[in-house]
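Please look over the sequence and the structure shown here before reading on.

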Amino acid sequence: MIIIRNRLLPIGRRFSAINICGLLFVKPNTEFTPELLNHERIHTRQMMELLIIPFYIIYVSEWLIRAILSGGDLFGSYCSLSMEREAYVHQSDPDYLKRRRPFAQWRSR
C-alpha cells in the first residue's frame with residue numbers, strides 16, 4: 001500500500017484517510033496507527049474480492065441508499081456501511097486478514 005500525505009483527500013473533517021485502489025491518502029496531521037493501516041488493508045482486500053470498480057459502485061450505492069433512508073445523515077450512513085462495519089470491528093486485530101472469509105462484509109457476525 002502506498003501512503004500519500006496531503007491536504008486535499010480525504011474531504012471533510014471527520015475523515016482522516018481514504019483508500020483509493022490501494023493508494024492511501026492521509027491528512028498531514030493524522031496519527032498513523034496500526035489500527036488505521038489494518039482498517040485500510042481490510043478495504044483493500046474487499047476491493048480485490050469485488051474487482052475494484054464493483055467495490056466502489058456497491059460502496060457508493062449503499063451509502064446513498066442509507067443516507068436517503070436516514071433522512072440525510074451522511075456520517076451515520078457511512079458508519080453503517082457493511083464494508084465499514086467489517087473494517088471497524090476488526091481493525092484492532094492484526095491477524096484478521098489471515099483468517100477472513102471471502103465476502104465477510106456480508107456474512108453474519
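Which residues in α1 meet which residues in α4? Asn-38, His-39, Ile-42, His-43 and Gln-46 in α1 meet Met-83, Glu-84, Glu-86, Ala-87, Tyr-88 and His-90 in α4, where contact means heavy atoms within 4.5 Å. By class, this contact of α1 with α4 has four nonpolar, five polar and two charged residues. Nonpolar covers Ala, Val, Leu, Ile, Met, Phe, Trp, Tyr, Cys and Pro; charged covers Asp, Glu, Lys and Arg; the others, Gly among them, are polar.

The model is predicted: local features need pLDDT of at least 70 and side-chain atom pairs pLDDT 80 or more, while totals for chains, interfaces and linings use all residues. Residues are numbered from 1 along each chain as its sequence is written, and side-chain values use heavy atoms, with hydrogens and water left out. Helices (H or I, at least four residues) and strands (E, at least two) are DSSP runs, numbered from the N terminus.

**Helix packing**

| Helix pair | Angle | Axes apart |
|---|---|---|
| α1 (residues 34-49) and α4 (residues 82-90) | about 140° | 8 Å |
| α2 and α4 | about 100° | 9 Å |

Axes are lines fitted to C-alpha atoms, for helices over the stretch in contact, and angles run from 0 to 180 degrees between N-to-C directions. On the α2 side the contact is made by Phe-55, Ile-58, Tyr-59, Glu-62 and Arg-66, and on the α4 side by Ser-82, Met-83, Glu-84 and Arg-85. These residues divide into four nonpolar, one polar and four charged.

**The largest pocket**

The largest pocket holds about 600 Å³ of space. A pocket is an open set of points on a 1 Å grid over the protein atoms alone where a 1.4 Å probe fits, with protein on both sides within 12 Å along at least five of seven lines; lining residues have an atom within 4 Å of a point. The volume is the space filled by probe spheres set on the points. The lining of the largest pocket divides into 18 nonpolar, six polar and five charged residues. Its largest share, six residues, comes from α1.

**Backbone details**

Leu-9 and Pro-10 are joined by a cis peptide bond, with omega about 0°. Pro-10 lies in the loop between β1 (2-5) and β2. Leu-51, in the loop between α1 and α2, is not a glycine but has a positive phi of about 65°. Most residues other than glycine have a negative phi, and most peptide bonds are trans.
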